[in-house]
2 protein chains.
Amino acid sequence: MIPISPAIILVRPQMGENIGGAARAMLNFGLTDLRLVAPRDGWPNPASETMAAGALDVINTQVFATLEEAIADLHFLVATTARPRGMVKTVYEPREAAQENYRRMQEEQKTGFVFGPERSGLENDDIARCHAIVTIPVNENFSSLNLSAAVLLMAYESALAGHTPAEPTLETNGGLPASQKNMESFLSRLEQALDENGFFRSADHAPIMKRNIRNIFIRSDLTEQEVNSLHGVIKSLAEYSS
Amino acid sequence: MIPISPAIILVRPQMGENIGGAARAMLNFGLTDLRLVAPRDGWPNPASETMAAGALDVINTQVFATLEEAIADLHFLVATTARPRGMVKTVYEPREAAQENYRRMQEEQKTGFVFGPERSGLENDDIARCHAIVTIPVNENFSSLNLSAAVLLMAYESALAGHTPAEPTLETNGGLPASQKNMESFLSRLEQALDENGFFRSADHAPIMKRNIRNIFIRSDLTEQEVNSLHGVIKSLAEYSS
């Protein structure tokens with residue numbers, strides 16, 4: 001069985017609000033395995049409830065005394081750190097870490113991302129228990145990421161790693177693109193109305209001007225309903241001007 | 001001049017905490033153009049300070065009465081929505097929206113991402129002012145993203161769109177990989193110590209066992225210093241056992 005999602009392991013988290021925010025971020029992207037190592041204010045923590053927005057009711061939250069116990073059943077662990085720590089360890093960016101994580105999950109490995117306390121981050125002894133490091137590429141002049149923000153980015157990348165990106169789609173509310181017949185009927189009517197109003201002053205330039213106007217509307221990938229609306233627009237304008 | 005970053009436009013934001021969180025998320029990824037349209041509790045808002053963690057001192061924050069005024073100088077706008085709205089509009093995922101945004105910034109277009117109020121999201125009239133829609137691919141059963149979380153993801157993707165991902169690197173604290181000579185000296189010593197302790201019971205299997213052991217250490221890409229440490233480990237173990 002392929003595990004559904006990596007575990008999120010928060011080591012000595014301080015603020016209940018951040019645990020709640022992390023839980024909400026996890027569930028937003030389908031992650032449900034939260035492990036707390038020695039949370040400062042104990043567990044459960046009422047301060048987490050508001051920020052969790054109900055996520056803690058769904059997520060499986062476990063509390064452990066030590067990181068060693070929290071990760072005992074896992075096979076591959078990535079430590080999040082803000083800066084290099086002088087340890088011999090592969091350093092990933094989030095997207096690449098999520099891809100490696102996904103590859104290992106497909107091999108039925110159980111995996112986890114490990115996050116340190118708000119103020120200080122992971123201790124080197126925590127990092128030494130992990131197989132790799134992930135560093136989020138932040139603004140060097142303002143690099144302090146909120147704990148739940150760091151969890152959000154890793155949860156987002158984890159979810160995307162197993163997700164084929166959708167091509168940009170044109171939302172049409174179910175409407176088909178306009179038929180060429182309807183489009184042509186609209187454009188002819190527009191040209192005729194403009195002609196009657198003396199828009200094409202020079203017969204020489206009229207073909208170019210018509211082509212330019214035609215391109216504006218063709219480019220817009222109009223739906224049948226939109227072309228019908230434009231018919232009405234022309235009708236209304238032409239009546240007003242006459 | 002290429003604009004440094006897209007504007008982040010928050011339409012009728014309700015909670016100061018979320019404005020502060022959005023500002024922090026923006027600056028984490030180098031975005032500095034924040035535009036507030038009719039914030040519920042006015043501006044400045046003391047409730048934003050803690051969550052901003054100082055970001056509001058650096059970010060350029062402007063307040064407008066209407067979305068129309070807020071976007072007057074911009075060329076390309078993407079509306080964030082949680083669900084389709086029945087409008088004829090291109091729908092992107094965040095990464096693809098950020099790439100399109102980056103492409104346009106390189107053409108010297110000024111761009112922006114537009115976010116609605118916490119509870120209700122953008123109104124259809126707001127969305128109609130935007131050129132495209134971005135929808136963040138969240139868990140369908142828990143799709144309510146915190147406002148500052150949505151800003152964080154778009155800021156992160158915007159920053160990455162102009163960023164060549166770094167290949168995973170092995171952090172070595174400046175140390176070179178071990179020379180093959182030192183590696184060979186360690187492996188020979190290890191084999192010799194194991195031999196003396198009767199580890200290779202069968203002469204037939206000894207070559208395979210030696211190769212397996214060798215592979216464990218070769219695969220680890222050891223630094224010179226690590227090999228020296230392992231020399232010490234073997235010495236210590238061999239002394240203990242004899």
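View 1. A:E157 is buried, with a relative accessible area of 1%; buried denotes under 20% relative accessible area, exposed over 50%, and partly exposed the range in between, with a 1.4 Å probe and protein chains only. The model is predicted: local features need pLDDT of at least 70 and side-chain atom pairs pLDDT 80 or more, whereas totals for chains, interfaces and linings use all residues, and side-chain values use heavy atoms, without hydrogens and water. Residues are numbered from 1 along each chain as its sequence is written, and chains are lettered from A, with ligands numbered from 1, in the order in which they are written. The side chains of A:E157 and A:R95 form a salt bridge at 3.1 Å, N to O; the term requires a side-chain nitrogen of Lys or Arg within 4 Å of a carboxyl oxygen of Asp or Glu. A:R95 belongs to helix α4 (residues 94-106) of chain A and A:E157 to helix α6 (residues 147-161) of chain A, so the pair ties together parts that are 62 residues apart in sequence. Helices (H or I, at least four residues) and strands (E, at least two) are DSSP runs, numbered from the N terminus. A:R95 counts as buried, at 18% relative accessibility. A:E157 also forms a salt bridge with B:R95, with 3.1 Å between the closest N and O atoms.

**View 2. The interface of chain B and chain A.** In this interface, 49 residues of chain B are in contact with 49 residues of chain A, contact being heavy atoms within 4.5 Å. The two chains bury about 4,100 Å² between them, 57% of it on carbon and sulfur atoms; buried area is the accessible area (1.4 Å probe) that two parts lose on being put together, summed over both. Two salt bridges cross the interface by the rule. α1 (16-28), β5 (89-92), α4 (94-106), α6 (147-161) and β8 (169-171) of chain B each supply at least two residues of the side that touches chain A. The largest contribution to that side comes from α6(B), with six residues.

**View 3. A salt bridge between two loops of chain A.** A:R12 and A:E123 form a salt bridge, their closest N and O atoms being 3.7 Å apart. A:R12 lies in the loop between β1 (7-11) and α1 (16-28) of chain A, and A:E123 in the loop between β6 (111-115) and α5 (124-127) of chain A, 111 residues apart. A:R12 counts as partly exposed, at 28% relative accessibility. A:E123 is likewise partly exposed, at 45%.

**View 4. The surroundings of B:E118.** B:E118 is in the loop between β6 (111-115) and α5 (124-127) of chain B. At 26% relative accessibility, B:E118 counts as partly exposed. Leaving aside residues up to four places away in sequence, B:E118 touches B:P13, B:Q14, B:M15, B:N18 and B:L147. The B:E118 side chain reaches the backbone nitrogen of B:Q14 at 2.8 Å and that of B:M15 at 3.0 Å.

**View 5. B:F186 within helix α7 of chain B.** Helix α7 (residues 180-196) of chain B contains B:F186. B:F186 is buried, with a relative accessible area of 1%. Residues up to four places away in sequence not being counted, B:F186 touches B:F217, B:V227, B:L230, B:H231 and B:I234. B:F186 and B:V227 are 41 residues apart along the chain, with 6.9 Å between their C-alpha atoms.

Key
A polar contact is a pair of N or O atoms within 3.5 Å; within protein, one must be able to donate a hydrogen and the other to accept it, and residues adjacent in sequence count only if both atoms are side-chain atoms.
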